[in-house]
Amino acid sequence: MPLFNGKSYLELSKLEAYSRLAIELELRTLANDGIILYNGQTASGKGDYVSLAIKDGHVEFKYNLGSGEILLRSSQKLQIGRFHRIIAKRYQRDGMLSVDGRDETTGHSKGPKNFLDLGEHLYLGYVPGSVQQIFDNIGVSVGFNGCIRHFKIGRQYIDLKYPGGKILKAVNTSRTPVKWGVVVCAAHNGAIMWGPQCLTICRGGRFQLQPVRQLLGRGISSVIILVSSSPCPF
């Protein structure tokens, strides 16, 4: 399971998504903004494209068939440090975005065009080249921070290991453990914040619980943080 650091990316062959597309993946994000994937018709960013990104904590699924883009946005924000399952589907002009099997958004693109013409490679995590039009298409310009697993296109799971499989190129992705931590619960003025999520995650047995004294104060009487050798340990 690769770790992305904001400038990391994996390059794959273009999506076969002329009339339909189904993408499924699980991710753990360490930031509120980041490019999950992008595939365009041209290297300049002009023409058709499809993208999946995190913006202000929400998942955004966008595509443009040549007659105007459609944006599908999750109503709930992702929780930093937790795995979330994302499904994005499109059939001709109709699209659907689902997060964790319950936050579902649907819509359809405007105009008469039904088909998605793609010519460039698919990128996961970031798009190299710093092309402003591409960043404008996606809606964010920063790469993904975190890890991705169980990546599926159509009915086929894609092995994200490199070298090997369908990955053409890997830049700055890492499997080397790094020290990290995510605050999962805290007592604030007597009230427990994120209590249910804290119990769910902490019972997994993969992490060490540790108080973080430097975060105390401002009404916060105690903090618990998850400490692991890597945010992508398995």
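How many salt bridges does a search of the whole structure find? In this predicted model, the search finds 4. Side chains of opposite charge can pair when their charged atoms come close. Three of these pairs are described below.

Begin with E26 and R149, whose side chains meet in a salt bridge with an N to O distance of 2.8 Å. E26 belongs to strand β3 (residues 20–29) and R149 to strand β12 (residues 145–153), so this pair ties together parts of the sequence that are 123 residues apart. Both partners, E26 and R149, are buried.

Next come R73 and E60, which form a salt bridge whose closest N and O atoms are 3.0 Å apart. Here R73 sits in strand β7 (residues 69–73) and E60 in strand β6 (residues 58–64), so the parts tied together are 13 residues apart in sequence. The two partners fall into separate accessibility classes. R73 has a relative accessibility of 32% and therefore counts as partly exposed. E60 counts as buried because its relative accessibility is 6%, and the cut-off for buried is under 20%.

The last pair to look at is K62 with E69. Their side chains meet in a salt bridge at 3.5 Å, N to O.

Note on methods. Residues are numbered from 1 along each chain as its sequence is written. This is a predicted model: local features need pLDDT of at least 70, side-chain atom pairs count only at pLDDT 80 or more; totals for chains, interfaces and linings use all residues. Side-chain values use heavy atoms; hydrogens and water are left out. Helices (H or I, at least four residues) and strands (E, at least two) are DSSP runs, numbered from the N terminus. Buried means under 20% relative accessible area, exposed over 50%, partly exposed in between (1.4 Å probe, protein chains only).
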